[in-house]
Amino acid sequence: MTAAFQDLNLRMGEPQEPAGPIEHARIRVARCLATDPGGSWVAERDGEVVGCALAIVREGVWGLSLLVVRPDAQSGGAGRELLARTFEYGNGARGWIVLASRDPRALRSYARIGLDLHPAVAARGQARPAAMPPEVRSGTPADLPLTESVDRAVRGAAHGEDILAMLEAGGELLVLPERGYVVVRNGNVRQLAAFDDEAAATLLRAALASGDGREASVEWMTAAQNWAIRACLDAGLELKTDIGGVFLGGDVGPFSPYLPSGAYL
């Protein structure tokens, strides 16, 4: 997985990014294997794993959690077959979500399976010092009913205990009671959902404030998330167009105000 992402950065003329903690990747893979073994596939060549794909279904909404192919095995059909198997796992789903990298081959593949592309931007940088909004508090597993209610409103399906997996991987849950939540890790927004734009912007400000001056990132902002773009600019972050796009199909709710997670969509 690391080799595939580093190869993408190289091909796009961008600096290599350090690999994340392996334990976080293990938590993600273990969660998908536990809930969706039928959506979990690997590709082999000469007895070696050269690719992996993970798809999940939550309350009728399918999402592609991961699709990677080792650089020396790309453009040989492994990625196409992995995508076909995971997409087939979503037969009967009423909605589909993919967060695509900027790789032209990935963008082409997801467009060809009939999903609609929503171009996205990211925001990165050091957020201006700001006080934590007083109405936002730390969340606990007892707040899962709120996360589920908000998820169903904005994306048509709840994440359920995916939230707990995100916390196990080092995330922090922040809650605006009765209005929304955000998962943040080291100042980086991992997932955000709210019932209204004002609540979503408040949660985003809280997430950025929690970073204590560290480099922050907010990803997967489409035209439907202008509330997030404004909040990021107000915080002093810079917009970046090097992220790829959000592909959606079927019934995934309004998908706003919402910032999806790469792992759980």
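I looked up helix 3 and found Ala 78, Leu 82, Leu 83 and Thr 86 buried (under 20% relative accessible area with a 1.4 Å probe, protein chains only; exposed is over 50%, partly exposed in between). These residues sit on the same side of helix 3, because they cover an arc of only 125 degrees around the axis, taken from the directions from the helix axis to the C-beta atoms.

I noted that this is a predicted model, where local features need pLDDT of at least 70 and side-chain atom pairs count only at pLDDT 80 or more, while totals for chains, interfaces and linings use all residues. Residues are numbered from 1 along each chain as its sequence is written, and side-chain values use heavy atoms, without hydrogens and water.

I then checked what the buried residues pack against: strand 1 (40–45), strand 2 (48–58), strand 3 (61–69) and helix 4 (104–112). Contact means heavy atoms within 4.5 Å. Helices (H or I, at least four residues) and strands (E, at least two) are DSSP runs, numbered from the N terminus.

Next I searched for aromatic pairs and got four in the whole structure. Trp 62 and Phe 87 are edge-to-face, 5.4 Å centre to centre with 90 degrees between the planes. Rings of Phe, Tyr and Trp (its six-membered ring) pair if centres lie within 6.5 Å; planes under 30 degrees apart are stacked, over 60 edge-to-face, the rest tilted. Trp 62 is in strand 3 and Phe 87 in helix 3, 25 residues apart. Trp 62 counts as buried because its relative accessibility is 0%. Phe 87, at 23%, counts as partly exposed.
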